[in-house]
Amino acid sequence: MENKKTILSGSTVTGNLTLGNYIGAINTWTQLQEQYDCLYFLADLHALTVHQDPAVLRERTYSFFAQYLALGLDPQKNIIFAQSQVPQHTELSWILTCLTPMGYLNRMTQFKEKAEKHVKNINAGLFTYPVLMAADILMYQADFVPVGEDQKQHLELCRDLVGYFENRYGKGVFRMPEPMIGKTGARIMSLQDPSKKMSKSDENEKNFVAVIDDAKKIEKKIKSAATDSGSEIKFDVENKAGVSNLLTIYSVLAGKTIEQLEKDYEGKMYGHLKVDLADVVVQKLQPVREKYEDLMKNRDHLDQLMISGAERASERAEKTIKKVYETIGLVRRR
Ligand code: TYM
């Protein structure tokens with residue numbers, strides 16, 4: 001473990017994980033688990049920045065945990081845990097909050113978007129959300145953070161916070177993390193409106209495929225995806241955003257290059273592409289759904305895995321918190 005680089009990433013517990021989350025992030029996580037020291041968590045505290053029904057949030061936390069496992073994350077190879085079960089995250093978050101300029105947070109694109117969407121609930125958590133995210137990352141001295149493109153700005157804040165901390169207190173407490181953003185699939189777009197990113201909290205279900213959707217739903221959603229004018233199957237994000245999005249999904253799931261797909265579909269119609277892509281997605285997600293349903297039948301097992309993940313994470317987190325407390329002048333705790 002000592003000489004392996006550390007990876008950390010997570011997903012906010014809202015909606016259901018989508019193909020966007022899988023292609024942009026979790027697919028990479030499952031590959032990294034073979035070579036790195038990996039921690040993957042459920043950002044349930046981040047979910048509180050929008051209204052949550054308590055019973056739904058709790059149920060969804062189990063569901064996300066099961067979705068992580070069903071998608072191929074191994075609790076033996078990785079530390080998999082729920083953020084709220086490791087209290088050090090909020091402790092470090094406060095300390096970093098006191099180093100973060102308000103003006104910096106004001107510029108965050110996601111804050112602006114969310115504040116626009118939730119006009120009746122622009123709470124301070126929505127504003128300081130990226131600081132909690134920085135705490136998640138810095139806590140485990142992560143070297144790399146595999147995320148989709150939408151998290152890039154948050155990662156920049158995290159890196160700047162390392163600098164702010166070092167300016168005030170000196171070096172050696174936090175490792176500088178690097179974002180790890182894939183070349184293909186870092187931004188999967190909505191199926192109905194390919195100018196927007198695919199989002200798990202989208203109210204219109206037709207905009208995304210959830211990783212636990214059944215075959216019928218998947219087929220319907222892919223077949224009704226918006227395509228573009230013209231008929232050529234060509235990757236051209238500017239003029240053919242819909243088709244390009246479908247090609248990207250196809251490419252990642254089938255392990256074929258976009259060029260290969262363009263050749264395969266030369267002279268064919270959008271309909272052909274959609275039928276085949278629906279098939280590829282169903283083949284990929286059917287076993288995930290079956291495994292997920294199995295896992296959800298045994299809550300005790302999920303509870304045990306979650307507790308053990310939180311214990312392992314907490315042990316690591318405590319080392320960082322101790323170092324931070326000592327550095328900034330708080331009296332050392334036991
Ligand atoms: P979240 O839950 O929105 O998304 C989880 C991961 O999926 C990626 N992603 C996408 N990738 C490609 N195309 C899309 N349409 C798409 N939608 C989502 C996201 O980039 C992300 O990698 N704030 C984070 C959760 C978080 C976190 C962290 C991540 C909290 N603390 C520390 C990394 C490190 C979020 O809400 O992700």
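Helices (H or I, at least four residues) and strands (E, at least two) are DSSP runs, numbered from the N terminus. E1 gives the largest share, five residues.

I noted the basis of the entries: this is a predicted model, in which local features need pLDDT of at least 70 and side-chain atom pairs count only at pLDDT 80 or more, while totals for chains, interfaces and linings use all residues. Residues are numbered from 1 along each chain as its sequence is written, and side-chain values use heavy atoms, with hydrogens and water left out.

**Ligand**

I found 27 residues around the ligand, a residue being near if one of its heavy atoms lies within 4 Å. Thr12, Tyr129, Asp136, Asp150 and Lys200 are the closest. By class, the shell has twelve nonpolar, eleven polar and four charged residues. Here Ala, Val, Leu, Ile, Met, Phe, Trp, Tyr, Cys and Pro count as nonpolar, Asp, Glu, Lys and Arg as charged, and the others, Gly among them, as polar.

I then checked polar contacts (pairs of N or O atoms within 3.5 Å). A side-chain N or O atom of Asp150 is 2.4 Å from an oxygen atom of the ligand. For Lys200, a polar side-chain atom lies 2.7 Å from a ligand oxygen. Ile188 uses a backbone N or O atom, 2.7 Å from a ligand nitrogen. The protein covers 96% of the 710 Å² of accessible area that the ligand has on its own (Shrake-Rupley method, 1.4 Å probe).

**Helix H8**

I compared the length of H8 (residues 152–169) with expectation: its 18 residues should span 26 Å at 1.5 Å a residue, and its end C-alpha atoms are 26 Å apart, so the two agree. The expected span is 1.5 Å times one less than the number of residues.

I listed its buried residues (under 20% relative accessible area, 1.4 Å probe, protein chains only): His154, Leu155, Leu157, Cys158, Leu161, Val162 and Phe165. They cover an arc of only 155° around the axis, so they sit on the same side of H8; the arc is taken from the directions from the helix axis to the C-beta atoms. Just after H8, Gly170 has a positive phi of about 95°.

I located Gln141 in the loop between H7 and strand E4 (144–146). Its phi is near 55°, positive in a residue other than glycine. Gln141 counts as buried because its relative accessibility is 14%.

I placed His46 in helix H2 (residues 44–47). His46 is buried, at 3% relative accessible area.

Technical notes
A polar contact is a pair of N or O atoms within 3.5 Å; within protein, one must be able to donate a hydrogen and the other to accept it, and residues adjacent in sequence count only if both atoms are side-chain atoms. Buried means under 20% relative accessible area, exposed over 50%, partly exposed in between (1.4 Å probe, protein chains only).
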